[in-house]
Amino acid sequence: MATKKKFPNGRMASIKMSGGIREILTRAGEMEEEGRSIIHMEIGRPDFDSPKCAKDAAIKAIEEGNVHYTDMAGAYDLRCAVAEKYRRENGMDVDADKNVVITNGAMEALTASFLTLFEPGDEVIVPAPYFSAYADEIAISNAKLVAVPTKMENGFRVRVDDIAAAITPKTSAVLLNSPNNPSGAVLTKEDLEEIAAVAVERDIWVISDECYEKFVYDGGHVSIASLPGMAERTVTISAASKTWSMTGWRIGWVVAPEDMRPYVNKCHQNLTTCANSFAQAGVVEAFAGADADVEAMIAEYRRRRDMVVRWLNDIKGFEAATPAGAFYAFPKIAALGMDGFKFCSWLLEEAGVSTVPGEVFGMPGHIRIAYCRAYDYVEEGLARIKKAVESL
Ligand SMILES: Cc1ncc(COP(=O)(O)O)c(C=O)c1O
């Protein structure tokens with residue numbers, strides 16, 4: 001007899017189970033099985049191989065028996081590599097023992113931070129468009145996402161006045177993501193200084209997801225935690241996933257204030273114990289020896305970005321900003337008179353190009369195009385989009 005106990009609980013019930021990237025991927029997969037040629041521009045999975053030095057180090061770690069639990073907060077040498085990176089590149093005062101927790105990708109870093117910080121009903125200010133998983137992870141932590149829309153005309157950079165206006169007594173944090181998935185927006189140092197001033201004045205946390213920090217094509221990356229007064233109220237999150245094309249290795253990290261870090265670690269420990277031992281060994285080597293791999297990726301992404309923007313500006317009915325970072329474009333399609341879901345389904349059936357509706361990222365009227373596949377492949381996708389859209 002099936003249980004009469006109610007499920008799922010309110011927390012899981014508040015999560016949308018459909019209407020995301022998965023549905024599009026499933027349909028694209030079905031079409032491929034039917035023999036259709038599909039250009040995938042939906043998923044943010046880089047097409048580069050992981051650096052050889054990281055792969056060699058992981059294999060060596062397995063062969064040498066580094067196959068057991070590590071320190072729960074992460075292997076000491078990896079925590080040292082993370083701390084050293086932030087001291088050297090980001091101007092932050094980070095200590096391997098006091099501030100760093102190694103997690104299973106940025107996803108766990110985000111969830112563990114949310115579960116540590118938010119009380120039920122707390123509000124989290126999130127500039128829109130935003131990475132779709134934020135909504136689910138905030139719901140899992142029983143908090144409430146308060147979206148603050150950005151404007152394409154402003155390069156999708158959030159305005160500090162809009163953040164300030166959204167703050168209420170229930171606001172716990174503002175969640176920043178620069179460079180941004182899906183818009184490619186990069187916040188300037190001045191933007192971050194203004195946001196920092198509001199965070200200090202109104203006494204809120206800043207959670208800064210900097211997964212794409214290496215992929216900035218115009219301007220540079222600034223960590224908000226490096227600004228005066230911010231280290232003690234900022235949680236910085238990143239991962240090996242995008243930087244070195246290591247999405248399957250599942251290594252990320254949290255850099256937290258010293259008094260918060262033990263709680264993040266406790267949460268992480270109870271969620272996953274520790275990150276994979278030999279994957280951590282590989283990431284230590286990526287920090288030490290994969291700068292050239294990253295430089296090559298940046299150059300190639302920039303080349304693809306320039307090509308994507310040229311095409312988007314040449315498609316009637318599309319309007320696009322030039323993404324300053326990451327590997328996504330987020331053109332406006334509102335003039336075509338279809339919502340994002342309708343447009344993306346139509347485009348998939350009509351042109352065999354798989355993209356994601358802006359609705360998934362909290363901004364209807366746009367679609368996300370990921371350009372983390374080979375140059376010619378991406379170009380063929382754009383040519384197909386242009387042909388289909390201009391036949392409407
Ligand atoms: C903005 C952002 N944060 C976090 C993640 C998750 O990263 P990871 O694969 O390291 O868990 C992604 C993945 O697409 C992302 O785009």
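Glu123 sits in strand β3, which spans residues 123-128; strands (E, at least two residues) and helices (H or I, at least four) are DSSP runs, numbered from the N terminus. The model is a predicted one, in which local features need pLDDT of at least 70 and side-chain atom pairs count only at pLDDT 80 or more, while totals for chains, interfaces and linings use all residues. Residues are numbered from 1 along each chain as its sequence is written, and side-chain values use heavy atoms, with hydrogens and water left out.

A salt bridge is a side-chain nitrogen of Lys or Arg within 4 Å of a carboxyl oxygen of Asp or Glu. Leaving aside residues up to four places away in sequence, Glu123 touches Lys144, Val146, Thr168, Lys170, Thr171, Ser172 and Ala173, contact being heavy atoms within 4.5 Å.

Salt bridges do occur elsewhere: the structure holds 25 of them. One joins the side chains of Arg27 and Glu349, at 2.8 Å from N to O. Arg27 belongs to helix α2 and Glu349 to helix α13 (residues 340-351), so this pair ties together parts that are 322 residues apart in sequence. Arg27 is partly exposed, with a relative accessible area of 25%, and Glu349 is partly exposed at 37%.

A further salt bridge connects Arg304 with Asp47, their closest N and O atoms being 3.1 Å apart. Here too distant parts of the chain are linked, with Arg304 in helix α12 (residues 291-312) and Asp47 in the loop between β1 (39-40) and α3 (52-63), 257 residues apart. Arg304 is buried, at 2% relative accessibility, whereas Asp47 is partly exposed at 35%.

Glu213 and Lys85 also meet through their side chains in a salt bridge of 3.1 Å, N to O. The loop between β6 (205-209) and β7 (234-239) holds Glu213 and helix α4 (residues 76-89) holds Lys85, so the pair ties together parts that are 128 residues apart in sequence. Both Glu213 and Lys85 are buried. They take part in a network of salt bridges that links Glu84, Lys85, Arg88, Glu89, Glu213 and Lys214.

Attention now turns to open space. The largest pocket has a volume of about 1200 Å³. On a 1 Å grid over the protein atoms alone, a pocket is an open set of points where a 1.4 Å probe fits, with protein on both sides within 12 Å along at least five of seven lines, and lining residues have an atom within 4 Å of a point. Grid points are joined across faces, edges and corners, and a volume is the space filled by probe spheres set on the points. Of the 43 lining residues, Ile21, Met107, Phe131, Ser132 and Ala133 are the closest to the centre of the pocket. Helices α2 (21-33), α5 (105-117), α6 (133-140) and α9 (240-243) each supply at least two lining residues, and the largest share, six residues, comes from α6.

How values were computed. Buried means under 20% relative accessible area, exposed over 50%, partly exposed in between (1.4 Å probe, protein chains only).
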